[in-house]
Amino acid sequence: MTVERADLDRRLDALRAAVPDPRAGIFGPSSTVWSVNREAVIFLGGGRAALLQLAHPFVAHGVDQHSATRADTLGRFMRTFENVFAMVYGDLDAALASARRVHTVHTHITGDVRETVGAFAAGAPYAANTPEALLWVHATLWETSIQVYELIVRPLTDAEKATYYEETKRFAMLFGIPDAIVPADWPAFRRYWDAMLASSTITVGTPARELAHFLLHPPGSWIGPAWDWFAAVTAHLLPARLRGEFGLTYGWLEQVAAETTIRGLRASWWALPERVRFLPAYQAAMQRLS
């Protein structure tokens with residue numbers, strides 16, 4: 001089963017009817033999502049979110065077989081975040097247009113898993129618009145955002161997490177993900193997340209491992225030390241099992257680099273001016289609304 005265009009259109013129609021101010025988009029300045037995700041430091045978890053997505057064989061084989069990711073790994077994931085920003089911070093029309101554009105691209109991403117990996121046998125068919133795979137990608141973005149926000153900015157209360165998660169359901173609608181498979185509330189989401197990480201569905205295969213190497217060690221880059229630092233932080237943020245399956249180096253040097261980074265940012269982030277702290281996409285959205 002995949003999300004068809006008619007399925008997506010029904011979800012987008014429901015979303016349009018539920019949005020009170022189309023200029024503010026699907027969230028708006030009073031949302032917890034904007035309050036949390038406006039922090040530019042959330043990008044510290046970008047590598048983690050990308051690798052968690054690749055740990056799903058459908059995602060890894062789809063990216064490997066249908067994109068120029070090996071030649072432009074970082075560019076591929078940056079383009080992904082551009083679409084995410086349009087959905088999160090754009091007005092309603094921009095968010096819906098981006099949703100349709102992503103769905104159209106996904107309709108062409110189908111194929112077979114080319115190895116036996118985790119729960120999937122070699123030859124198993126995959127499609128990017130499979131609801132369960134879409135839900136996993138959706139989940140990695142929000143769970144990573146909360147992890148990094150709490151590490152650097154401040155802990156969130158259970159009530160804030162509940163509100164945040166409830167708001168993210170609107171984002172799931174942009175991908176046509178059926179309500180039936182979306183966890184009902186924050187505790188249900190945590191159970192889903194833990195179960196996925198413990199399952200053989202999330203298993204690092206050969207394409208995922210190779211793509212992770214291209215992402216964290218881009219060929220021809222002249223800023224090697226910066227990439228080594230980013231790889232160390234990414235390894236620190238990942239669950240230990242996946243860190244090992246990806247083959248990431250995480251010795252004492254990487255641990256010190258990651259822990260020093262987190263302590264330094266936690267101590268200083270609050271003092272930065274808003275023009276530095278907050279994402280350009282958020283700042284542009286606030287200017288649009290003013």
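Which residues are linked in a network of salt bridges? Arg 48, Glu 143, Arg 190 and Asp 194 are, a salt bridge being a side-chain nitrogen of Lys or Arg within 4 Å of a carboxyl oxygen of Asp or Glu. This is a predicted model, in which local features need pLDDT of at least 70 and side-chain atom pairs count only at pLDDT 80 or more, while totals for chains, interfaces and linings use all residues. Residues are numbered from 1 along each chain as its sequence is written, and side-chain values use heavy atoms, with hydrogens and water left out.

View 1. Helices are DSSP runs (H or I, at least four residues), numbered from the N terminus. Leu 8, Arg 11, Leu 12 and Leu 15 are the buried residues of H1, where buried means under 20% relative accessible area, exposed over 50% and partly exposed in between (1.4 Å probe, protein chains only). Seen down the axis of H1, these buried residues fall within an arc of 100°, so they line one face of the helix; the arc is that of the directions from the helix axis to the C-beta atoms. The face turned away from this buried side carries the exposed residues Arg 10, Asp 13 and Ala 17.

View 2. The side chains of Arg 100 and Asp 9 meet at 3.9 Å, N to O. Arg 16 forms a salt bridge with Asp 93, the closest N and O atoms being 3.3 Å apart.

Conventions:
Helices (H or I, at least four residues) and strands (E, at least two) are DSSP runs, numbered from the N terminus.
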